[in-house]
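I set out below what I looked up in this structure, entry by entry.

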Amino acid sequence: MLRFASMQAAYSPVRHCLERAGLTDEWSTAAKAYAEAVHRVNEGLGLLGTPKYQELKDAAKALRLAANDAANRLDRHKVKHGC
Ligand SMILES: [Zn+2]
């Protein structure tokens, strides 16, 4: 019973905001995808000047914008919702 009570305390309504959790997930996934794309660009330095390299760079750029967008949406939610 004690254990159950302490678990409930850890999940106050504000801390346990589903929308925030969803946005955090999206941001985390987007940030990870961007990091992987950057890694591929670095690995592809031997392809410098080829269309394939440009493709890797474009993909990384798009993922960076997506990760920024996800971070902004999470920030806006936190401000608006106070969570
Ligand atoms: Zn919230």
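Basis. I worked from a predicted model, in which local features need pLDDT of at least 70, side-chain atom pairs count only at pLDDT 80 or more, and totals for chains, interfaces and linings use all residues. Residues are numbered from 1 along each chain as its sequence is written.

Fold. I found 3 helices and 0 strands, in the pattern α-α-α along the sequence. Helices (H or I, at least four residues) and strands (E, at least two) are DSSP runs, numbered from the N terminus.

Burial. I noted that 10% of the 83 residues count as buried. A residue is buried if 20 or more other C-beta atoms lie within 10 Å of its own, with C-beta atoms placed from the backbone. In α3 the buried residues are Leu56, Ala60, Ala67 and Ala70, and they pack against α2.

Core. The largest nonpolar core has 8 residues, including Leu23, Trp27, Tyr34 and Ala37. Such a core is a set of buried Ala, Val, Leu, Ile, Met, Phe, Trp, Tyr and Cys residues joined through C-beta atoms within 7 Å.

Contacts. I looked up Leu56, which touches Arg40, Val41 and Gly44, not counting residues up to four places away in sequence. Contact means C-beta atoms, placed from the backbone, within 7 Å.

Helix end. Just after α3, I recorded a positive phi of about 65° at Gly82.

Methods:
A residue is buried if 20 or more other C-beta atoms lie within 10 Å of its own, exposed if 12 or fewer, and partly exposed in between; C-beta atoms are placed from the backbone. Two residues are in contact if their C-beta atoms, placed from the backbone, lie within 7 Å.
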